[in-house]
Amino acid sequence: MIALAYALPSIAVFVVSALLILGGAVGVLTFKNPVHAALSLILSLFGVALAFLAQQADFLAAVEIIVYAGAIVVLFLFVIMFLGVDHSDEPASAPLVGQRTLAGAAVALVIAGVVFLMATSHWVTGVPSVSTNGTPLATGADNIHQIGAAVYTTYLMAFEVTAALLIISVIGAVNLARKERPRVGESQ
Amino acid sequence: MNVPAAWYLVLAAALFGIGAFGFLTRRSAIIMFMCVELMLNAVNLTFVTFSRTLSDVGGQISVFFVMVVAAAEVTVGLGIVVAVFRRRASTSVDELTEMKG
């Protein structure tokens, strides 16, 4: 019995998070109403947050709920309500012949290939951490301390580039979403 | 002892597959964005799993940056959806056929 090799609580957490993730994802796939799809997405994101918690990523689990479920999905819902598209936009028949079959076959092939590679290849585990100079992964408050120290030292450059990226995306979004009005001295 | 990393990796692969299938088959631009979010979350789950397996915080930092980029992408993407909706009163990607040869 393979299941007895691992602690029962961790198996239970895995099963619950897998059910939440896959149930939510299938909901996003099947619901016709975009509002229902967005709520289903929240379910899936909570499952991912649970999987993060079970794997010592405490800070990321909190960020997953605050940023993803709290901000990004609310942005989705805001746009759905703002545009008034809380009904199905799907055509009765697909314009491309065999699109579903081809997409399903391609996705199944790629995923099966990845899982096959994973099952047959050799994994290196337990190497000393590079980003924290050999300190093992911590949990709780120490996890936040580790992430903060790494972001502001090893990954400082990437952190500053993301700051620029956020500014650019905010300016771009404002520019895209505002109403176009003809400017003086400019032929439209 | 925690469950083996392979369980979480297979779960992430399944989530990525569902997201990719939805992106290829759904027509509403908003739902296609949600499927992109599902795929990004599958990759995040893989990063966190390897972070635990290798006992390295670098994977978690990568997830942090992926989340920032995802937020920026959603902001601009939904801005584009709103701009397209102004002209066509629809979020279906089948309407955007001007560049068809």
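**Notebook: chains A and B**

I began with the contact between the chains, which takes 73 residues from chain B and 86 residues from chain A; contact means heavy atoms within 4.5 Å. I noted that this is a predicted model, where local features need pLDDT of at least 70, side-chain atom pairs count only at pLDDT 80 or more, and totals for chains, interfaces and linings use all residues. Residues are numbered from 1 along each chain as its sequence is written, chains are lettered from A in the order in which they are written, and side-chain values use heavy atoms, with hydrogens and water left out.

**Interface**

I looked up the area buried between chain B and chain A and found about 7100 Å², with 75% of it from carbon and sulfur atoms. Buried area is the accessible area (1.4 Å probe) that two parts lose on being put together, summed over both. For polar contacts I found 10 residue pairs between chain B and chain A, both residues at pLDDT 80 or more. Such a contact is a pair of N or O atoms within 3.5 Å; within protein, one must be able to donate a hydrogen and the other to accept it, and residues adjacent in sequence count only if both atoms are side-chain atoms.

I then asked which helices of chain B supply the side that touches chain A: α1 (5-25), α2 (29-54) and α3 each supply at least two residues. The largest share, 24 residues, comes from α3(B). Helices here are DSSP runs (H or I, at least four residues), numbered from the N terminus. I sorted that side of chain B by class and got 47 nonpolar, 18 polar and eight charged residues. Ala, Val, Leu, Ile, Met, Phe, Trp, Tyr, Cys and Pro count as nonpolar, Asp, Glu, Lys and Arg as charged, and the others, Gly among them, as polar.

**Helix pairs**

I compared axes, which are lines fitted to C-alpha atoms, for helices over the stretch in contact, with angles from 0 to 180 degrees between N-to-C directions. Under 35 degrees counts as roughly parallel, over 145 as roughly antiparallel, 65 to 115 as roughly perpendicular and the rest as oblique.

The axes of α3(A) (residues 58-83) and α3(B) (residues 58-88) come within 11 Å and cross at roughly 5°, so the two are roughly parallel. Their contact has 20 nonpolar, two polar and two charged residues.

Within chain A, α2(A) (residues 34-54) and α3(A) pack at about 175° with axes 9 Å apart, which means they are roughly antiparallel. I counted 22 nonpolar, no polar and two charged residues in that contact.

Helix α5(A) (residues 141-152) and α3(B) pack at about 75°, axes 10 Å apart, so I logged them as roughly perpendicular. A:Asn143, A:Ile147, A:Ala150 and A:Val151 meet B:Gln60, B:Ile61 and B:Phe64 there.

**One residue**

Last, I checked B:Phe21, in helix α1 of chain B. B:Phe21 touches A:Leu29, A:Arg100, A:Ala103, A:Gly104 and A:Val107, not counting residues up to four places away in sequence.
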